[in-house]
Each structure stands twice: as C-alpha cells, then as structure tokens.
Amino acid sequence: MTSSAAAPARHVLKQACSAVGLDSDGAEPLRLAENQIWRLPGRRVIVRISRAGQSDATAREVRVARWLAQENVPAVRLVDVEQPVESDGRPVTFWVELPPQQHGSVEDVAELLARLHSLPTPAIDLGYLDPFVRVGERLHAATTIRDDDKQWLHSLHRDLVAAWAERPTGLPDRAVHGDAWPGNIVRTADGVLMMDLERFSVGPPEWDLVSTAVRAKTTGAVSAREYDRFCAVYGYDVTAWEGYPVLSRARELRMVTYAAQHAAGNAEWRSQAQHRIDCLRGRSGPRPWSWKGIL
C-alpha cells in the first residue's frame with residue numbers, strides 16, 4: 001500500500017492506540033484489507049482494526065478470548081487494556097503477538113476441539129451458529145460467474161437453509177470455533193493454540209468437525225490416514241452421523257462462494273471458482289475433488 005493510501009489507516013490506528021495508552025509510532029502494517037492488522041514493534045502487540053459495522057462481532061470476540069483464558073484453553077490472548085475501542089466507526093482490538101507459527105496438524109485440530117467441546121457452554125452471549133453467514137453477500141459480489149450458475153447456487157442455499165433447520169439430532173450444543181482448520185489452529189515453539197475467534201458461537205460440535213471431514217472427503221487435502229487419526233484423537237467420526245450431508249454441503253457452499261467472490265477481483269482465481277461450481281453441479285465426477293486454496 002502506498003503511503004498516501006495508508007494515511008487514513010494510520011489515523012485510525014493512532015487514534016485507537018492513544019485511547020488505550022499505547023504508542024503507534026513505527027507501527028508496521030501486516031495486512032491492509034477489509035480488516036487491518038498492524039504490529040507495534042518492540043511491544044509484542046498486534047492491533048486488529050475490523051471493518052465498520054462489526055462492533056457486536058468484535059465485542060463477542062473479546063468475550064470469547066477472555067473466557068478461553070479463564071478456562072486455560074490455549075488461544076491468542078488479549079493485551080491487558082480496556083477493549084474493544086472504536087476509531088472512526090471501526091472497532092479495534094489489541095492482541096499479544098505470537099512467536100513464529102505454522103499450521104497445526106489434523107491431530108492438533110482434533111485435540112484442541114476435543115478440549116473446547118468438553119467445556120460447558122459459557123454464560124456469555126455468543127449467539128447461535130449460522131453456517132450461512134455472508135453466503136448471500138458473497139454470491140451478490142460474485143460478478144464473474146454465469147447467471148445460471150449463480151441461480152443454481154442461490155437455490156442450493158435456500159434448500160440447505162431449510163435442511164439445516166430440520167437437521168437430525170446430534171451431539172449436545174457447545175461453544176464452537178466456527179472455522180476450525182489448521183490455519184486457525186497453529187503450532188508455535190510454545191505449543192498449539194487457537195486463532196481467529198470471530199466465528200465463535202453456540203452450536204453443534206459437528207460443525208467444527210465437518211471442516212476436516214470435508215477436507216478429506218470433498219477436497220482431498222487430508223488423506224484417509226490423516227482423517228482416521230483425526231477421528232481417533234477426537235473420538236468421533238462425524239461422517240457417520242446422519243446429519244453430515246447437510247453440514248458438509250453447507251461447508252462446501254461456503255468454500256465455493258468464497259472463491260467466487262474473490263474471483264471477481266483476481267483473474268487468477270476465476271478458473272478455481274468455476275471448477276468448484278462445476279464440482280457441486282456434478283460436472284467433475286465424484287468426490288474427492290482437487291480444490292486449490294484461495295488466500
């Protein structure tokens with residue numbers, strides 16, 4: 001980002017840091033997109049500036065982080081300041097910087113999910129899980145896909161919303177991470193911990209397990225042996241549950257619409273978005289399909 005384009009972002013950062021007694025001089029931008037991530041050098045502080053309109057979600061994320069710390073669940077930790085704060089209408093949070101990290105293994109994911117799901121549902125307002133959050137927005141933003149494909153995806157979305165409302169009974173509701181894949185459950189020199197807490201909610205634990213199952217059964221990113229290890233560590237195979245097809249299709253739809261949305265701004269991703277749509281529409285043979293990651 002150019003210095004002129006970064007100036008408004010720095011203004012929001014400086015205002016937010018000043019509100020909690022932190023100095024933003026020398027701050028380094030790590031990511032400047034819808035959500036901005038900044039590092040305060042020498043202070044081990046990461047500043048996250050969320051997009052406008054996300055105040056409720058940001059406050060929930062702070063509640064989750066405090067609850068996880070109270071329960072001694074390994075996760076990203078908040079800096080000890082009063083937060084979130086608002087700067088120019090954008091909610092801002094402050095986090096302890098992590099040491100270098102890498103993606104966790106499927107066993108790491110299973111172990112932390114088992115620990116999380118063993119906890120009683122916390123007495124904090126988390127809201128109930130919505131597997132289809134932003135799916136409609138993503139389809140609206142997917143300007144490069146064909147009209148017939150978009151109409152078909154809208155129809156699938158409607159069908160899955162109805163099926164979700166009538167899904168079979170499964171495991172008791174618990175606090176769930178909401179986006180439990182190895183990029184959000186990472187390994188550092190200090191051990192394994194959870195990141196990206198913004199999708200936490202109350203809901204069926206199966207939703208967290210479906211992420212790995214879909215990577216094994218749908219995209220082929222997880223081998224059969226790895227998936228067997230995942231089930232052994234967690235102690236449950238979600239694919240044996242009669243509600244699995246509903247949740248797995250919901251997860252697939254999220255992955256397809258994510259790719260379709262971002263393909264509108266990046267020509268390199270258009271073929272992958274179309275490939276995912278073709279897979280769901282039965283044009284590319286049976287699962288597992290080979291889906292490349294979209295960053």
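Reader: In this predicted model, does Asp179 count as buried, exposed or partly exposed?

Author: The model is predicted, so local features need pLDDT of at least 70 and side-chain atom pairs count only at pLDDT 80 or more, while totals for chains, interfaces and linings use all residues. Residues are numbered from 1 along each chain as its sequence is written, and side-chain values use heavy atoms, with hydrogens and water left out. Buried means under 20% relative accessible area and exposed over 50%, with partly exposed in between (1.4 Å probe, protein chains only). Because its relative accessibility is 24%, Asp179 counts as partly exposed.

Reader: Which residue meets the side chain of Asp179 in a salt bridge?

Author: A salt bridge here requires a side-chain nitrogen of Lys or Arg within 4 Å of a carboxyl oxygen of Asp or Glu, and the N to O value for this pair is 3.7 Å. Asp179 lies in the loop between strands E7 (174-176) and E8 (185-188), whereas the partner sits in helix H8 (residues 244-263), so the contact ties together parts 72 residues apart in sequence. Helices (H or I, at least four residues) and strands (E, at least two) are DSSP runs, numbered from the N terminus. The partner, which counts as buried at 7% relative accessibility, is Arg251.

Reader: How far apart are the closest N and O atoms of Glu28 and Arg39?

Author: Glu28 belongs to strand E1 (residues 28-32) and Arg39 to strand E2 (residues 36-40), 11 residues apart. Glu28 is partly exposed at 34%, and Arg39 is partly exposed at 22%. Their salt bridge has its closest N and O atoms apart by 3.3 Å.
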